[in-house]
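Welcome, and thank you for taking a look at this structure.

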Amino acid sequence: MTCQELRARADAYAHDTLDATEAAAFEAHLATCEDCESALVALAPTPPGIAGLSRSIEPAADLWPAIRERVAARRERSARIAAPRWALAAAALLLVVLSSGVTAVLLTSRETRGVATRDISALEAEYSAVSEDLTGALEQARSRLSPETMATIERNLRIIDAALDETRQALAREPGNAALGEMVVAAWRQKVDLLRRATALGTES
Amino acid sequence: MRLHRFLPALLLVAPLAAQQKIDRRIAIASDASIRIHNLVGSIRIVGWDRDSIAVTGSIPPGAGSFYMGGSGRGAKLGIERQDELKEGQPATLDIRVPRNARLWVKSASASVEASGLTGELECSSVRGSIRIEGSLRLVVAESMEGNLNVAGAMSVVRLKGGGGTITLRGARGDVLATTVGGAIVATDGAVTRAHLETVSGTIAYDGTVSPRGTLDVATHSGDVTLRLPVDISAEFDLGSFDGSILYGLSGKGEGKGKGEDAPKPFRGKPISFTTGAGEARVIVRSFKGEIRILKP
């Protein structure tokens with residue numbers, strides 16, 4: 001397995017959707033490749049360790065404390081980040097890793113099936129925090145993006161926000177509806193992913 | 001007086017004369033990693049059976065300067081601009097690379113076309129379209145606004161769009177395609193594992209799912225149309241909060257109408273059933289889009 005293949009399969013590995021051969025190749029590569037380990041793990045303030053993530057697609061109840069710790073650590077570290085371009089890039093990478101980690105562990109629709117409404121609220125709070133940080137990073141990167149690019153990003157964000165509002169309102173009317181909970185989380189995931197991609201545009205190259 | 005007579009012709013010729021033509025080659029390993037960078041204009045990449053990179057192209061005045069370097073297992077080439085925020089003049093790059101190379105391509109509004117490759121390609125653009133043909137081991141492509149078009153039996157495909165349409169032709173293996181407002185259209189598919197997701201764009205899949213494979217489709221408001229074999233052996237799990245479901249493969253349809261194509265409006269609770277031995281899995285989730293499962 002190459003480095004590119006590993007990184008493309010990170011989500012699939014965390015979701016336990018790789019077959020046994022691929023999963024073994026993933027683990028073997030990660031065990032010997034410092035670059036990939038760095039890319040996937042070392043950038044996080046409290047390394048979640050992709051290799052150490054639960055192979056179960058069901059959310060583990062004891063995962064929450066770890067997620068909270070990581071997010072808290074990220075906030076502390078984000079607060080220390082200054083404005084220079086390298087620092088912004090580091091912040092963006094950090095957020096990318098964190099948002100990917102959160103996504104990988106908990107936030108796919110399949111993983112949230114059966115999650116109680118209180119857990120959806122907790123997930124929303126986490127997503128909201130990551131989203132807020134990424135929005136801040138994007139705002140700092142704005143000067144390095146063309147007006148056309150920003151317009152494109154903002155147009156897509158409006159579409160996602162509208163979907164998010166709609167599903168959240170529906171969930172408020174039917175708080176026990178697990179399918180709606182999945183949809184709320186899916187909309188958040190889309191938003192964080194778009195913000196992550198947009199921020200990367202302003203910090204890479 | 002004489003100069004005045006020729007002035008229009010001179011004005012026409014001057015920019016052409018200033019256009020920089022590129023014709024460069026370097027030797028490189030057959031599986032080398034190559035980075036390609038051209039923000040505006042076009043990038044055309046063709047795989048060939050030689051251990052070298054050959055670049056031809058043209059750079060108009062003000063479009064930046066061409067660079068190319070590397071040897072052995074790595075190389076990079078592209079157009080360097082003084083100000084990457086300005087669109088500037090479009091530069092054209094026509095690039096031959098070893099078929100099995102690993103490529104990283106970046107564009108802003110430049111269109112990207114790649115064909116004849118068997119290695120790996122990672123391509124990102126902001127507004128440019130990306131078109132990839134071949135049978136690569138890995139394709140990762142992102143464009144915020146441009147169309148993404150992938151044709152061929154790739155092993156692993158990861159596509160992320162925004163407002164543009166994602167088109168997949170002959171998809172096999174492992175496919176992930178997500179977009180926001182753009183549509184996803186997949187034809188002649190026979191995926192092992194696929195996740196197709198939009199926010200408001202429509203999703204259309206025409207093909208089959210491998211035994212033990214999974215087709216997982218999700219949208220907020222886009223309509224979903226899956227055209228699957230009548231005799232597909234699969235577990236179906238379909239759910240739309242505020243849209244209708246139409247199952248037209250056999251007599252599974254439920255609801256107001258009668259016969260095969262009876263629509264079933266439902267809220268919240270997914271419908272699950274199995275056809276044949278239930279070897280594959282088909283999962284569809286929508287908030288308010290219509291779900292149609294139809295014959296080819």
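Chain B is divided into domain 1, residues 20-122, and domain 2, residues 147-296. Taken over C-alpha atoms, the centres of domain 1 and domain 2 of chain B are separated by 36 Å. Please keep in mind that this is a predicted model.

**Chain A at a glance**

- Chain A has ten helices and zero strands, and its pattern along the sequence reads α-α-α-α-α-α-α-α-α-α.
- Among the 205 residues of chain A, 43% count as buried.
- If you look at contacts in chain A with a separation of 6 or more, 76% of them come from residues 24 or more positions apart.

**Where the two chains meet**

- On the chain B side, 31 residues are in contact with 32 residues of chain A.
- Several strands of chain B supply at least two residues each to the side that touches chain A: strand S8 (102-106), strand S10 (120-125), strand S12 (138-143) and strand S14 (156-160).
- Sorted by class, that side of chain B has twelve nonpolar, eight polar and eleven charged residues.

**The largest nonpolar core**

- The largest nonpolar core has 113 residues, and the ones with the most contacts inside it are A:Ile160, B:Leu121, B:Val139 and B:Val282.
- Helix H10 of chain A, residues 178-203, gives this core its largest share, with 14 residues.
- As a general background note, nonpolar side chains tend to be buried together in soluble globular proteins.
- Which residues does A:Ile160 contact, leaving aside neighbours within four places in sequence? In chain A they are A:Ala187, A:Gln190, A:Lys191 and A:Leu194, and in chain B they are B:Val180 and B:Val199.

**A buried alanine in chain A**

- A:Ala141 is part of helix H8 of chain A, which covers residues 117-141.
- Is A:Ala141 buried or exposed? A:Ala141 counts as buried because it has 22 C-beta neighbours inside 10 Å, and the cut-off for buried is 20 or more.
- A:Ala141 and A:Ala198 are 57 residues apart in sequence, while their C-alpha atoms are 9.0 Å apart in space.

**Two residues of chain B with positive phi**

- B:Asp188 sits in strand S17 of chain B, residues 184-197. Its phi is near 55 degrees, a positive value in a residue other than glycine.
- With 14 other C-beta atoms within 10 Å, B:Asp188 is partly exposed.
- B:Arg212 belongs to strand S18 of chain B, residues 203-219. B:Arg212 is not a glycine, yet its phi is positive, at about 70 degrees.
- B:Arg212 is exposed, since 11 other C-beta atoms lie within 10 Å and the cut-off for exposed is 12 or fewer.

**A proline in a loop of chain B**

- Where would you look for B:Pro90? You will find B:Pro90 in the loop between strand S6 (74-80) and strand S7 (91-98) of chain B.
- B:Pro90 is partly exposed, with 18 other C-beta atoms within 10 Å.
- Not counting residues up to four places away in sequence, B:Pro90 touches B:Val40, B:Gly41, B:Ser42 and B:Ala63.
- B:Ser42 is 48 residues from B:Pro90 along the chain, and the C-alpha atoms of the two are separated by 7.3 Å.

Technical notes: Residues are numbered from 1 along each chain as its sequence is written. Chains are lettered from A and ligands numbered from 1 in the order in which they are written. This is a predicted model: local features need pLDDT of at least 70, side-chain atom pairs count only at pLDDT 80 or more; totals for chains, interfaces and linings use all residues. A nonpolar core is a set of buried Ala, Val, Leu, Ile, Met, Phe, Trp, Tyr and Cys residues joined through C-beta atoms within 7 Å. Helices (H or I, at least four residues) and strands (E, at least two) are DSSP runs, numbered from the N terminus. Two residues are in contact if their C-beta atoms, placed from the backbone, lie within 7 Å. Ala, Val, Leu, Ile, Met, Phe, Trp, Tyr, Cys and Pro count as nonpolar, Asp, Glu, Lys and Arg as charged, and the others, Gly among them, as polar. Domain bounds come from an automatic or database domain assignment.
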